[in-house]
Each structure stands twice: as C-alpha cells, then as structure tokens.
Amino acid sequence: MDSAEIPTKSETVGSGATRDRPLPGSRRGVAADEVRRHNLGAVLERLHLAGSLSRSDLTKVTGLNRSTIADLLGELTAIGLVEERPGGPNSGPGRPSPMVSVRPHRASVLAIELAVDSIAVATVGLGGRVFNLVRVARPRGRFSPEETVHDVAKLAGPLIDSLPAEHMLIGVGVAVVGITRRSDGFVHLAPNLGWRNVPIATMLASELGLGAPVLAANEADLGALAEHRRGAQPGIANLVYVSGEVGIGVGLIVDGKPLLGSAGYAGEAGHTLINPEGSACRCGAVGCWETEAGEWALLRRAGVSEGAGRLSEVAERAATGEERTLAAIAEVGRWLGLGIGNLVNLFNPDLVVLGGLYHRLFTFLEPSVLEGARHRMLAAPGEMATITASALGPDASLMGAAELVMSRVIADPAGFDDQGVRGRARAREGSR
Ligand SMILES: [Zn+2]
C-alpha cells in the first residue's frame, strides 16, 4: 500500500460483519485481523483530524457500536496513542461521555520542505500539533543536494532535541518541488532547484542519522493531502490543490484518497496544453499551462524582473492599484481559471484550493480566476466546485510532509509500536 493511502472514513466495518460470511479456519482469523486493523485506523484517523472527540461522537462518526469503540479505544490507549478523561458537564443529558484525545508526542514527525526560495523544517505530532517550525530563505538554484541536506540537518537538530523525552519519532516526511518517485524518495527532476536524479530520501536518512524512515513526495501532492486533512473542510473527499511556484503543481484527492499514478508523478497539469499559440516551456513543449499562468508569466506581464522576492514587489504594486500590475494579474488569473476549468471537468471536485503564489495574490486573482473557470467548466461539475485560497497558506506542503508519515500510523496503528524511534536519547545517539 502506498504510504499516503488514506483509510476511507465511511468504510468502517462493524464487529459483526464477519459473522455474515463464515470463513474457514485461518482465513477467518486473517479477515478478523484486517477488520480490526481497519477499524483501529478509522477511529485513530477521526481523532487525528479532530484532536479530540467524545466517545459518543466517535460512535456517531465511525458508525461503529459502543462496545466496539470501547474495545478499539482500549487498544489505542494501551499503545499510547490516545488518552481518555471524564466528559465535561456540558456534553448533553445523562452521564457525560468520556473525551478521547490523541497524545501528540507519541507519534511525532520531522517534516521538511525543499521549496524554490526556502527550506522549512518542523516537528509535528499526532493530531496535527506543530511543536516547532523554522523556515529560512535561500537564494534560488544555488544549492547542491549535499549542501541542502547539510542545511536541513543543522535546522532539524535543535528541533528534535527540544521534543520531550517521551516522544516517539515515527518518521521524516519531505516535500520536494520536483518530480519525485514515492517508492524510494528519488527526485527525477527539480528544475527550479537545478536538480536531476537526486536520491534525496536516502541522502537525508544518512545525514540526519535518526534511524527513522524518510519518505519524500512532490510538494503539490502533499499540499493536497494537508488541505484534505487539515484545511478548511477536513476529510473532504474530492479536492484539487493547485500550487503556483515558479511552475504549477497540482495535487489530487479523489474519493478520499490521493491520486498519484503509477509512480507518484500524476498531477503535472502545469505541462498540459492551454495555448497552442503560446510560448516555449522549459519542459520542451509549447503552450503549457505554466507558460501562461506560472510565476514567470506573471512577472513578465507585470514588467518585473525574475528572481527571489519579486512576488513581494508584484503584491505591493497591486496593493497600490498600479494598472499594469493589476492587468497582469487579471490576465494570469484568466489563464489560471481556464486550466482550473479543465481540472473541474476532469475530476468533479468539491473544492479547488489555490496555494503558493496564488494563495498570496488570491484577493487580486479571484475575480479573473472565477471568470476563466466559468468559461471552461461544464454546468453540473462547475456548480459543485468551490474555488478558494489555501487554508494552510505557505506551510501547506510542509504540513502535508508530516501527514505523509502520519498516514502510516493511521493505516496500521497496532503495527506502529515497532516503527518508531523512541525518545530523544536514541535520536541523539543515532545522529552521531
Ligand atoms: Zn511544459
């Protein structure tokens, strides 16, 4: 199973389900184990999304009966992932339902984002609790993979050391602005970092020396995962995340699961055709979506030279109402909207979330994006889709890197005990 596969919330299976279809001998045992693992994951996912819920709410949202919930919570408590306390006086008539909460430190993740203009590192716990977050700006395309992993390790050390002693580090998640193979965290191409064929997960595992697994994936895919779990509508089943960096990245959640393709390369919508009469793209083709709606197109139309920090200039000029800048944003917004219209027709999402530079300039972009999208969208899927700015802003992909690792615990909470690296002492020991 892919590490980011999300157990489908609606598919919890009651404890009586196996009784309807008797299975011979050991098969029956295996099926019961699978049902139990699935249900444990479903309960933990609900708690991970909400942080805490009453037992009675858990019963409602999972569709499981009370004794099954009690049983599953017993196991999650024994593993140390959740804790219960008496319910408050305001939880309705009768005996208050106990409150169940996740224990964030018991499943901690080191999240890393390798972006075009910055690198970011955060420690994040179960329930999405951010313990610490550092982002540092970097000049564009100036750093080799070796220098980058060294810089990441320097930022990460103090963050890991500041976790409480009882923490359990379950893994490292990495968001990369490039085409990244999920199975081994191998970056085929990250043009804006100037990287080609970089085994970034292996390099980070070696440099960090934490003994925890390192998982890497594309930043837009992880932005989509974060918006799905932690965005404006947590758990929303059909979502398209459109990230504007130098290029355009798209991440897709379909029926509650990431749509990744065979190796994790799906969503390269920035290199789909939008304008046959358009300009040459750095991928070698002509008229790609990002040649009309990416950062370069925006800067060119606004008459601002390329480089780090230039977007701030565009935002400032737009805020003062400068005509050329506003016209440039409107033109880029129209192309952006046309591409979004294509995606709406293809995927019928409930939510289209705009991240990166589109999040930053959303106020100015919104009218022309909506106009462009309306121009392309078929009526039925168009009416269903809401186009909005990212709820997580600049940290969406970083949070998605944490969620990538959390997916493993949610997929198999009982197997989690063997996966983590216990405690600070061990983490330090490993880093030497
Ligand atoms: Zn292209």
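Student: How is the crossing of α3 and α4, right-handed or left-handed?

Tutor: The crossing of α3 and α4 is right-handed, meaning the near helix is turned clockwise from the far one by less than a right angle. This is a predicted model: local features need pLDDT of at least 70, side-chain atom pairs count only at pLDDT 80 or more, and totals for chains, interfaces and linings use all residues. Residues are numbered from 1 along each chain as its sequence is written, and side-chain values use heavy atoms, leaving out hydrogens and water.

Student: At what angle do α3 and α4 pack?

Tutor: Helix α3 (residues 55-62) packs on helix α4 (residues 66-79) at about 110 degrees, with axes 10 Å apart. So α3 and α4 are roughly perpendicular (65 to 115 degrees).

Student: Which residues of α3 and α4 meet?

Tutor: R55, L58, T59 and T62 of α3 meet R66, I69, A70 and L73 of α4. Contact means heavy atoms within 4.5 Å.

Student: New topic. Which residues are the protein donors of the zinc ion?

Tutor: H271 (ND1), C281 (SG), C283 (SG) and C288 (SG), lying 2.0 to 2.3 Å from the zinc ion. Donors are N, O and S atoms within 2.8 Å of the metal (3.2 Å for Na, K and Ca).

Student: And how are the donor residues spaced in sequence?

Tutor: The pattern is H-x9-C-x1-C-x4-C. H271 and C288 are 17 residues apart, both in the loop between β14 (257-258) and α8 (289-293).

Student: What is the site of the zinc ion like, tetrahedral or irregular?

Tutor: Tetrahedral, with angles of 103 to 123 degrees among the four donor atoms. For four donors, that term needs all angles between 85 and 135 degrees.

Key
Axes are lines fitted to C-alpha atoms, for helices over the stretch in contact, and angles run from 0 to 180 degrees between N-to-C directions. Helices (H or I, at least four residues) and strands (E, at least two) are DSSP runs, numbered from the N terminus. Angles under 35 degrees count as roughly parallel, over 145 as roughly antiparallel, 65 to 115 as roughly perpendicular and the rest as oblique. Four donors count as tetrahedral if all angles lie between 85 and 135 degrees; four count as square planar and six as octahedral if opposite donors are over 155 degrees apart and all others between 65 and 115; anything else is irregular.
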